[in-house]
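I opened this entry to keep track of what I looked up.

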Amino acid sequence: LLPDIDHTRSIIGKIFLPIAKIINRRYGHRTITHSLFAWLILFALVSAFQSNFFPSLKIAQVFGLAYASHIIFDMMTVQGVPLFFPFKKNACVIPGNPEMRLRTSSIRQETMVFCVFIMSAIFMKPLFANGFWTSYNRLFGSLKHIVSEYNKSDDLIMVDFVIQHGSTKTVSQGLCLAVSTSKIIVLESDHSLEEYPKDGQSVTDLYPIHTGKMLEFRKGQFLNISLDSFQHLFSANKFSKIDVHANGSFIYSENGVEVSKQALSLSYPNKISMREEVNHTITEHIANPAIATKITEIEMLEVQHAVSLEEYDQKFKAYNTYRDLMEAETDEVKKELLMIGLATKKAPKEPTSIKSKVEKIQVAIKQMRTEDYNKYQQEIKKNMIEPLQLSGSYELILIDGLPINSAFDYTAIAPMITNQITHE
């Protein structure tokens, strides 16, 4: 109604009669108040009022659309409006043919337009309620249109869709967490994350529903946690992405197949099946071969020393026998000759002891054995299984700031639909 404040007989002109008279006398009807200049000035003032007093309400947008609609509808009359007033006073009209434009104060034409708007309000109610692009995307119901709806939506959308596998069609529903032109990932009522289409399936008749809830992906990190802590942390909530690396190997099970891994990257996992890998490494004790050589050296010394002692004993016995023979001889001449012979003979010298040499070699053997033991202990420590520790990053899925866990109420977001199966 505001543009008609320049007319004293209009509804708003009668309410603000002094202002209407001033504007009408100075500019006339359908001039300054029906121009882009007035529209921009008033829109700026209302926007400033909204930002200062009602920032959460869309007062300026509603005002701008309502004011502009009045000007556009007046352009559809025979008279038109000077849209660029006061710079140009030429009338702007839609359409150009005067016979196709409306006449003001014509009961017949205004009644026809009124009926058109009433019928539009009834039949285009979904369009008004959901917006043009949402209605457009719902009409075509393909993944491409869901991508468009998802990207321009500020809130979380629920998607009704049909899964076709052969001749079987199943009507399903889920909260859309991610979507591309080839797949959609949804959170279903049982809190499971599912990706469609699966092998042999096709997805059609996708229908987006705005929930008014906010979808958030919160990033986080974890550092050096045990496998039990990891399992507890990532089994309680839902995640869009998990990247993990470990200080050792672990066994990851996927579709019944177990694979040894040290790093893992998961996207929208439902279940994480991991266990620590058992290490069967056996540490062998390998002795220094020089030890055997040293032991052989001791044995050879002992053998040589035993031979020397035996030779010494034989020589010593022979020497004592000769001396006893001399002492027992009664004939002086023979005894003198024996004495001369004994003088020429020397008593055998006892072999040198090998004790110091053996002890020296034994010390070397002990040192080598100590070195071997230390190396063996180092190898055992090296091959020991360290406690498995996991580190990495994740993206936690939140809806209205709350994680998706056992306490998450799916039905509070949108009503459930009954799965229907038909056969063609």
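**Thr211 and its surroundings**

I looked up the side chain of Thr211 and found that it reaches the backbone nitrogen of Lys213 at 3.2 Å. I note that this is a predicted model, so every value here is computed.

I then placed Thr211 in the chain: it is found in the loop between strand S5 (201–210) and strand S6 (215–225).

Is Thr211 buried or exposed? I have it as buried, because its relative accessibility is 16% and the cut-off for buried is under 20%.

I listed what Thr211 touches, leaving aside neighbours within four places in sequence. Its contacts are Asp155, Leu156, Ile157, Met158, Leu175 and Ile413.

I checked strand S7 (residues 239–254) against strand S8 (residues 257–267) and found them antiparallel, joined by 10 bridges. For Lys241, I noted Ser267 in S8 as the bridge partner.

I looked at the turn next. Two residues lie between the strands, and Asn255 takes a positive phi near 55°.

**Whole chain**

I recorded 12 helices and 12 strands.

The C-alpha atoms fill a box of roughly 185 × 60 × 40 Å along the principal axes.

Of the 424 residues, I have 31% as buried. The chain exposes about 28200 Å², and carbon and sulfur atoms supply 58% of that area.

Last, I took the contacts with a separation of 6 or more: residues 24 or more positions apart account for 62% of them.

Definitions and conventions: Residues are numbered from 1 along each chain as its sequence is written. This is a predicted model: local features need pLDDT of at least 70, side-chain atom pairs count only at pLDDT 80 or more; totals for chains, interfaces and linings use all residues. Side-chain values use heavy atoms; hydrogens and water are left out. Two strands pair if DSSP finds at least two bridges between them. Helices (H or I, at least four residues) and strands (E, at least two) are DSSP runs, numbered from the N terminus. Buried means under 20% relative accessible area, exposed over 50%, partly exposed in between (1.4 Å probe, protein chains only). A polar contact is a pair of N or O atoms within 3.5 Å; within protein, one must be able to donate a hydrogen and the other to accept it, and residues adjacent in sequence count only if both atoms are side-chain atoms. Contact means heavy atoms within 4.5 Å. Accessible areas come from the Shrake-Rupley method with a 1.4 Å probe; for residues, only the protein chains shown count as cover.
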